[in-house]
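Here is a friendly walk through one protein model, with the cut-offs given as we go. Keep the structure open beside you while you read.

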Amino acid sequence: MFAPLGLFRDIPCPQGQECALLTCMFSHETINPPSEVDKSAKSTQSEKEPATLQESPPLKKQKLQATAEADRVKKEAKSSPSLQYETSDPRAILTKKASTKAQAISQGPAKLQSISRGVSPPPSKAEPSTAKRDVPASAKSEQRPPLRKAPRESLNPRMLAKAPVSHSVRLSILTKLHAAMSALNDKIAKDKENKDKSIVLTPNELITMALDEEEKTAKGNASVYGNVIKLRIVKLTKMSKEDWVKDVKAHLNERYYKTAPSEADQKPAVLTTGLSTKEEIAIAGRLVTPLEGLEQYGYVTKPPTEEEIEGARKGVIESKGWEKCDRCGGRFQVFPGRREDGSLTTGGQCTYHPGKPFYPPKKRTDHITGHKEAYYTCCNETLGTSSGCTKGETHVFKVSEAKRLASILQFEKTPAQPDKGPLPPVCFDCEMGYTTLGLELIRLTAVSWPEGKELLDVIVRPMGEILDLNSRFSGVFPEHYNNAVPHDSSAAPGTASASENGEVKLAPLQVVESPAVARSLLFQLLQPETPLIGHAIDNDLNVCRIIHPTVIDTVILYPVGAGLPNRMSLKTLSRKYLDRHIQTGGNRGHDSKEDAIATGDLVRVKAAEAWKVLKTKGWTIQDDKLVPPPGATEDTGPVWRLGPGAGQKRTSSDLG
């Protein structure tokens with residue numbers, strides 16, 4: 001047998017309290033400590049007994065000697081309700097008996113504590129995080145943080161199917177990352193003004209946080225792993241205590257529980273452009289994106305005809321429900337209204353990769369080191385090695401053709417409302433879920449622009465039977481429908497509130513009965529000339545079946561490469577141009593209100609840039625309207641050039 005050399009002294013013994021070894025190489029330090037009452041009883045007993053009896057046998061021998069007594073105590077516990085409810089650990093029962101006996105000897109005849117005290121049932125196993133602990137009377141008034149239990153891990157990189165660098169490099173980086181986090185955690189712990197003790201992490205929680213972040217970076221940014229993680233370490237060394245607290249809360253929300261958001265956390269950082277609200281609205285007209293000529297990219301500019309709709313319906317009937325899965329690409333059948341046996345689809349479970357494939361860029365040294373193979377960002381598996389890393393209950397599909405979308409619900413143009421007059425710009429975002437009719441609208445959120453105040457936020461009952469709410473992205477779960485209340489236009493928007501255990505409780509969302517009803521509610525906020533703002537707005541307009549002539553799309557305002565069909569994600573744009581991290585909820589999905597506000601702020605950034613150019617050309621703002629310089633025509637076209645090379649920014653010479 002090799003000498004352990006103390007390598008396992010910090011690792012809990014796998015056998016736990018059942019270990020019978022006299023000298024075990026693992027740690028046995030976390031055995032149930034006696035309560036304060038037991039300690040006082042033992043001290044009383046030790047004073048009356050000889051010194052030779054005060055020394056207890058070694059822990060291992062004590063456990064071996066107590067085995068027979070523990071079995072006897074278990075039998076007694078079954079017949080004694082008080083013992084059953086008080087504890088299920090035989091050693092704790094022995095300890096309690098010893099303390100009770102010591103009190104009886106020192107104080108004379110008295111009632112047993114277990115008899116005089118009321119019996120209470122054990123805490124529920126369903127909610128371990130909310131179980132209450134006994135606290136001193138002086139501490140009852142203090143607000144305790146929610147209970148959380150971090151796994152006991154060593155500071156060693158977690159195993160990955162495809163590691164971006166060698167283990168030694170990962171270990172070195174992880175050590176520096178942990179050191180930077182520990183320094184910030186110590187600052188918070190020593191801060192006397194900090195009253196929230198729940199944000200001070202334990203050593204185990206710090207290790208877990210470092211491991212989580214290193215693993216996430218290794219999986220999601222494998223090609224630039226070294227640069228990303230090193231920049232993160234540098235940022236941590238210069239980070240303020242306020243920013244560190246935000247990072248800790250985000251980590252706690254994702255791994256343990258939801259914390260009550262403070263007022264600062266609920267609202268994103270205020271974006272200042274140097275312009276008034278009316279001035280920004282006046283400039284917004286220069287950012288409008290004409291959609292004519294962009295039909296090939298999914299934008300619908302006119303409703304399909306009745307002949308086209310009838311042809312689409314016949315095609316669906318002739319296909320007999322066969323569709324192509326939007327996730328795995330396989331063929332399957334769908335049965336709207338359910339088949340006789342109750343099934344909605346065929347093909348069983350869907351095995352797929354939720355992450356997109358990543359193709360590492362080619363390098364000049366590839367002929368020496370070999371070019372890295374493409375892999376999936378969700379699991380780092382090489383393309384072609386497996387069918388998927390995630391399983392869905394059913395296959396799902398998406399409908400993209402305008403005529404087939406119109407066969408389910410016809411497109412409508414934004415109606416004019418002369419009695420309302422001009423209306424301010426509106427920014428909106430939609431969430432979709434898979435049904436037996438394709439990808440349908442399940443949530444619609446609209447906010448005012450540029451203020452970002454909530455105007456409309458409803459969940460929508462789709463027309464088809466739900467196959468998958470796509471909660472990982474949509475953020476809509478079955479409980480949203482279960483807890484929803486009928487829509488009431490006079491009701492105030494839902495607000496967050498904190499419960500006793502620190503979890504966030506949101507007011508139930510309002511629900512409407514169909515996408516057509518949600519569309520009519522959005523129409524109440526619009527005129528045909530009202531700027532409607534969105535990111536990849538073709539998807540949102542098509543799922544609502546809306547044709548709107550005045551659109552601002554951030555996909556075109558922030559082009560990628562040669563423009564459409566290349567697109568940059570809203571998450572990337574927010575991080576790059578707003579220095580704001582959105583869509584950080586993990587499996588909780590996206591927040592449509594957060595996305596709508598971020599989209600609106602991206603347009604505000606472009607409005608400020610456009611005004612700088614216009615002002616140098618002599619433009620002014622009078623009576624909340626843009627006025628061109630003398631000799632220039634008022635209509636000089638939008639700020640962005642469309643058509644061939646769509647999405648490319650106009651130069652300063654194109655303005656004015």
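## Rings that pair

Tyr375 is buried, with a relative accessible area of 6%; buried means under 20% relative accessible area, exposed over 50% and partly exposed in between, using a 1.4 Å probe and protein chains only. This is a predicted model, in which local features need pLDDT of at least 70, side-chain atom pairs count only at pLDDT 80 or more, and totals for chains, interfaces and linings use all residues. Residues are numbered from 1 along each chain as its sequence is written, and side-chain values use heavy atoms, leaving out hydrogens and water.

The structure holds three aromatic pairs. Rings of Phe, Tyr and Trp (its six-membered ring) pair if their centres lie within 6.5 Å; planes under 30 degrees apart count as stacked, over 60 as edge-to-face and the rest as tilted. One of the pairs joins Phe332 and Phe397, whose ring centres are 6.4 Å apart with planes at 55°, so this pair is tilted. Phe332 sits in strand β2 (residues 331-333) and Phe397 in the loop between β6 (390-392) and α16 (402-408), so the pair links parts of the chain 65 residues apart. Helices (H or I, at least four residues) and strands (E, at least two) are DSSP runs, numbered from the N terminus. Phe332 is buried at 0% relative accessible area, and Phe397 is buried at 1%.

Tyr375 has a ring partner too: its ring centre is 5.6 Å from that of Phe358, and with planes at 50° the pair is tilted. Phe358 lies in strand β4 (residues 357-358) and Tyr375 in strand β5 (residues 375-376), so the pair ties together parts 17 residues apart in sequence. Phe358 is partly exposed, with a relative accessible area of 25%.

How do α8 and α11 pack? Helix α8 (residues 167-190) and helix α11 (residues 241-255) pack at an angle of about 105°, with axes 10 Å apart. Axes are lines fitted to C-alpha atoms, for helices over the stretch in contact, and angles run from 0 to 180 degrees between N-to-C directions. That makes α8 roughly perpendicular to α11; angles of 65 to 115 degrees count as roughly perpendicular, under 35 as roughly parallel, over 145 as roughly antiparallel and the rest as oblique.

From α8, Met181, Leu184, Asn185, Lys187 and Ile188 meet Lys241, Trp244 and Val245 of α11, where contact means heavy atoms within 4.5 Å.

## Around Leu405

Leu405 lies in helix α16 and is buried, at 6% relative accessibility. Leaving aside neighbours within four places in sequence, Leu405 is in contact with Val399, Ser400, Phe411, Asn542 and Arg545. The C-alpha atoms of Leu405 and Pro304 are separated by 9.3 Å, though these residues are 101 apart along the chain.

## Backbone points to check

Most residues other than glycine have a negative phi, and most peptide bonds are trans. A cis peptide bond joins Trp449 and Pro450, with omega about 10°, and Pro450 is in the loop between β9 (438-448) and β10 (454-460). Another cis peptide bond joins Leu564 and Pro565, with omega about 5°.

Asp623, although not a glycine, has a positive phi of about 55°. Asp623 is found in the loop between β19 (620-622) and β20 (625-627) and is exposed, with a relative accessible area of 72%. Asp624 also has a positive phi, of about 60°, and is partly exposed at 43% relative accessible area.
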